Amino acid sequence: MDTHTPLENLHDAGNPGRPSRAEAEAAIRTLIQWAGDDPEREGLLDTPARVARSYEDFFRGYGEDPEAILTRTFEEIEGYDEMVILRDIRLESHCEHHMVPIIGVAHVAYLPNRRVVGISKLARVVDAYAKRLQIQEKLTAQIANTINDVLQPRGVAVVIEAGHECMSTRGVHKTGVAMVTSRMLGAFRDDPSTRREFLSMIQGRRCTGLES
């Protein structure tokens, strides 16, 4: 099933209020001028089009259906019921407050309940939510809740570790700081030993305070 709708098609896909590409490029030219530069100078002539194309990649998650990504599952698992973990998933998102990058990794785990999903689908769910304007707390919850709702496993765990450029390149200008968020559902919330096993397998020493 194709769950991806290119951003440039969303205007014609039930979103009549969405600005056109030309309107978006005009807005970018306005921002360049507001910043103090000349959008008509040679080096900036093609910048509005380039930025618009970049936004199509940065925010392509708006054209994806995370639940649909997980609909194809496999039941021939020979009774496997141990933890499935996809660790160190590269995460690239944008802060909804300042529209600057959030860069980090996501660790996703679940305890199967008679069926499993292809591991690439877990990474795609992370991307589908990350490629939107976000705050990390909401992103963490969205990933975990969707996996839990669609797969109905015995438990889901999501940990995200990320740096926020809204903190490192502006404001307090603190570099090298990572924000850690977690969402534990089912057995990962109720059973401390299950939670500890997951955190140890993602090198939980970097997730201080999540073990108890």
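Contact means heavy atoms within 4.5 Å. The legends below use that rule. This is a predicted model, in which local features need pLDDT of at least 70 and side-chain atom pairs count only at pLDDT 80 or more, while totals for chains, interfaces and linings use all residues. Residues are numbered from 1 along each chain as its sequence is written, and side-chain values use heavy atoms, with hydrogens and water left out.

View 1. Thr-181 is found in strand E7 (residues 179-186). Helices (H or I, at least four residues) and strands (E, at least two) are DSSP runs, numbered from the N terminus. Thr-181 has a relative accessible area of 9%, so it is buried. Buried means under 20% relative accessible area, exposed over 50%, and partly exposed in between (1.4 Å probe, protein chains only). Leaving aside residues up to four places away in sequence, Thr-181 touches Gln-136, Glu-137, Thr-140, Val-158, Val-159 and Ile-160. Two of its polar contacts are side chain to side chain: one with Gln-136 at 3.0 Å, another with Thr-140 at 2.7 Å. A polar contact is a pair of N or O atoms within 3.5 Å; within protein, one must be able to donate a hydrogen and the other to accept it, and residues adjacent in sequence count only if both atoms are side-chain atoms.

**View 2. His-164 in strand E6.** Strand E6 holds His-164. Is His-164 buried or exposed? His-164 counts as buried, because its relative accessibility is 15%. Its side chain makes a polar contact with the side chain of Gln-136, at 2.7 Å. Not counting residues up to four places away in sequence, His-164 touches Pro-101, Ile-102, Gln-136 and Met-179.

**View 3. The second largest pocket.** Rolling a probe the size of a water molecule over the atoms shows where empty space is left. On a 1 Å grid over the protein atoms alone, a cavity is a set of points where a 1.4 Å probe fits but cannot get out; a pocket is an open set with protein on both sides within 12 Å along at least five of seven lines, and lining residues have an atom within 4 Å of a point. The second largest pocket is lined by 19 residues. Gly-163, His-164, Cys-166, Met-167 and Met-179 lie nearest its centre. Helix H5 (136-151), strand E6 (155-164) and helix H6 (165-168) each give two or more residues to the lining.

**View 4. An aromatic cluster.** Ring pairs link Tyr-55, Phe-58 and Phe-59 into a cluster. Rings of Phe, Tyr and Trp (its six-membered ring) pair if their centres lie within 6.5 Å; planes under 30 degrees apart count as stacked, over 60 as edge-to-face and the rest as tilted. By this rule there are four aromatic pairs. Tyr-55 and Phe-58 form a tilted pair, 6.2 Å centre to centre with 50 degrees between the planes. Both lie in helix H2 (residues 47-58), three residues apart, about one turn of the helix. Phe-58 and Phe-59 form an edge-to-face pair, 6.3 Å centre to centre with 80 degrees between the planes. Tyr-55 is partly exposed at 34% relative accessible area, and Phe-58 is partly exposed at 30%. Phe-59 is buried at 7%.

**View 5. Glu-197 and Met-83.** Glu-197 lies in helix H8 (residues 192-201). Its relative accessibility is 36%, so Glu-197 counts as partly exposed. Glu-197 and Met-83 are 114 residues apart in sequence and 9.1 Å apart in space, C-alpha to C-alpha.
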